[in-house]
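This briefing goes through one protein model, topic by topic. Please keep the sequence and the 3D view open while reading.

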Amino acid sequence: MNIINISQGVCRKPEWRMAEPVDFNLSDGEHIAIVGPNGAGKSMLVDIITSAHPLLMKDVEYGFDGLASDNIKYITFKDSYGESDGAYYLQQRWNQYDIDKETPTVGEQIELAYQLTGGDTPERREFKSHLFELFNLQPLLDKYIVMISSGELRKLQLTKILLTDPKVLIMDNPFVGLDAKTRDQLRSLLLTLSNERQLQIILVLSREDEIPDFITHVVPVRDMKVLPKITRDDFLSQIPAPIDETAEVAFPYTEERATTIGLKTEEKLIAIGEPVVKLNNVKIAYGERTILKELSLTINKGERWALSGENGAGKSTLLSLVCADNPQGYACDIELFGRQRGSGETIWDIKRHIGYVSPEMHRAYHYNAASIRIVASGLKDSIGLYVKPTDDEYEACRQWMKVFGVEEFADRPFLSLSSGEQRLVLLARAFVKAPNLLILDEPLHGLDTQRRRMVRNIINQYSLIPGKTLIMVTHYEEELPESITHKIFLKRN
């Protein structure tokens, strides 16, 4: 029996057109992984499957009763809280006392979803309790939505969707942002759901090495073409061996260029081996909730640190102290670039030495400006670009876009790019001023296999430039560059 069937589906408008008519079929009992490189058309295929695509000429056929929106649930994991700078400010989670008390908590969101989708029955109560235990949701229930981490937000989204008891669940890169333990738990849960609740699962994956065992078939998408469905085993047998990405990178950076575009280094502030970041018994708490407890940490100039830990353990909070975004930093014993925090320096005095990218930053970028302007905003440490760059600054932006393989998108609107292409643009933004301290929070998030290797190589080689310091967050050990010299793992309090 066909659950979803698309035969020779085509679209009217050129910019929305797949390269060839779309054929896609999900039969009873199948679980599918849609895989392909960034920008290949995976998200567009999902829009067609869910009838969200407004330009489909031939309707999708469904093998179930009722509306597609009631039976097919799609989680994109974009984690968007809003579209304004104010949303980003709250989303950073460091200003809890500025949050409107009408902002929902995690518990209120879950309870609303529970009550609106099927009522209260012993079976549903048991399933909800199982989800609470699986995702360790109990400690999050009284947290405001804007106060939870990226990984915690993914758990919340998935819980809400699963409580609706859909027939088909589509998830876009569901393992991104989850620590190793939670990734294993999610795979186990999806296997259980597929076996016991007659739920059919479609995963949209950028990483071909994350196809779970319960997936029966794979649909490759390449160059806006939907290729024929094949079995999981046949697909995996065709994956080529990894290529060692160690080619030298021609970085568009010299001291002369830095001076030309108005960038000053802090070479005279501190010498190699002296502290760039120094935290002494730092404690960060919100009300009765302690995030960081008596944390002491020294990161010296020229070191390369890997920061990892459980979801909600305080990794983003730690980075907010280093980036001078957290107001509680003024009450802590913190030194940045050789200066005591709160000794008269401005946030911008600190940020001009730092290149930064994170999932939160990615979510904040709802500006449909040309991609080169997004890169140029990194020169001004702003979300959006409010000062016209000089010709030299634009040239630096183009050169860094070339390093990350996105120079062809310079004039393309940022929001017209795929999520992976957007991430590459934001990485170019982080590097554009050749920062002395590079802070990368899950930089390979959502990138396909080839681009993950490319970016890892870029990070590795850049961090080896004398005087450069790196702090990198990832939940995947294999994503860390070889240049890493120190590691720190945070556990949840």
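A charge is taken to sit over a ring if NZ of Lys or CZ of Arg is within 6 Å of the ring centre and within 35 degrees of the ring normal. The model is predicted, so local features need pLDDT of at least 70 and side-chain atom pairs count only at pLDDT 80 or more, while totals for chains, interfaces and linings use all residues. Residues are numbered from 1 along each chain as its sequence is written, and side-chain values use heavy atoms, with hydrogens and water left out.

**Charges over rings**

- Lys-128 lies over the face of Tyr-114, 4.1 Å from the ring centre.
- Arg-207 is placed over the face of Tyr-476, at 4.1 Å from the ring centre.

- Arg-183 belongs to helix α7, residues 180–196; helices (H or I, at least four residues) and strands (E, at least two) are DSSP runs, numbered from the N terminus.
- With a relative accessible area of 8%, Arg-183 is buried; buried means under 20% relative accessible area, exposed over 50%, and partly exposed in between, with a 1.4 Å probe and protein chains only.
- Beyond its neighbours within four places in sequence, Arg-183 is in contact with Phe-175, Leu-178, Glu-210, His-475 and Tyr-476, where contact means heavy atoms within 4.5 Å.
- A polar atom of the Arg-183 side chain lies 2.8 Å from the backbone oxygen of Leu-178. A polar contact is a pair of N or O atoms within 3.5 Å; within protein, one must be able to donate a hydrogen and the other to accept it, and residues adjacent in sequence count only if both atoms are side-chain atoms.
- Glu-210 is 27 residues from Arg-183 along the chain, and their C-alpha atoms are separated by 10.0 Å.

**Strands and sheets**

- Four strands form an open sheet in the order β12-β11-β14-β15, with antiparallel pairing. Two strands pair if DSSP finds at least two bridges between them.
- β12 (289–300) and β15 (339–340) are the edge strands, each with a single partner, so one side of each has no neighbour in the sheet.
- Strand β14 (residues 333–336) runs antiparallel to β15 and is joined to it by two bridges; Glu-335 has Gln-340 in β15 as its bridge partner.
- Strand β3 (residues 32–35) is covered on both faces: Ile-32 and Ile-34 on one side, and Ala-33 and Val-35 on the other, are all buried.
- β3 pairs with strand β7 (residues 200–205) in the parallel sense over four bridges, and Ala-33 stands opposite Leu-203 in β7.
- β3 also pairs with strand β8 (residues 217–222) in the parallel sense over four bridges, with Ile-32 opposite His-217 in β8.

**Aromatic pairs**

- Rings of Phe, Tyr and Trp (its six-membered ring) pair if their centres lie within 6.5 Å; planes under 30 degrees apart count as stacked, over 60 as edge-to-face and the rest as tilted. By this rule there are seven aromatic pairs.
- The ring centres of Phe-251 and Trp-400 are 5.8 Å apart and the planes are at 35°, so this pair is tilted.
- Phe-251 is in the loop between α8 (232–238) and α9 (255–260) and Trp-400 is in helix α14 (residues 391–403), so the pair ties together parts 149 residues apart in sequence.
- Trp-400 also pairs with Tyr-462, edge-to-face, at 6.3 Å centre to centre and 70° between the planes.
- Tyr-462 lies in helix α16 (residues 449–463) and Trp-400 in helix α14, so this pair ties together parts 62 residues apart in sequence.
- Both Trp-400 and Tyr-462 are buried.
- Phe-251, Trp-400, Phe-404, Phe-431 and Tyr-462 make up one aromatic cluster.

**Nonpolar cores**

- The largest nonpolar core has 79 residues, and those with the most contacts inside it include Trp-400, Phe-404 and Phe-431. A nonpolar core is a set of buried Ala, Val, Leu, Ile, Met, Phe, Trp, Tyr and Cys residues joined through side-chain atoms within 4.5 Å.
- Helix α15 (residues 419–431) gives the most to this core, with seven residues.
- A second, separate core of 40 residues includes Ala-33, Leu-141, Ile-161 and Phe-175.

**Positive phi values**

- Asn-173, a residue other than glycine, has a positive phi near 45°. Asn-173 is found in the loop between β6 (168–172) and α7, and is buried at 13% relative accessible area.
- Met-224 is not a glycine either, and its phi is positive at about 65°. Met-224 is in the loop between β8 and β9 (225–226) and counts as partly exposed at 22% relative accessibility.
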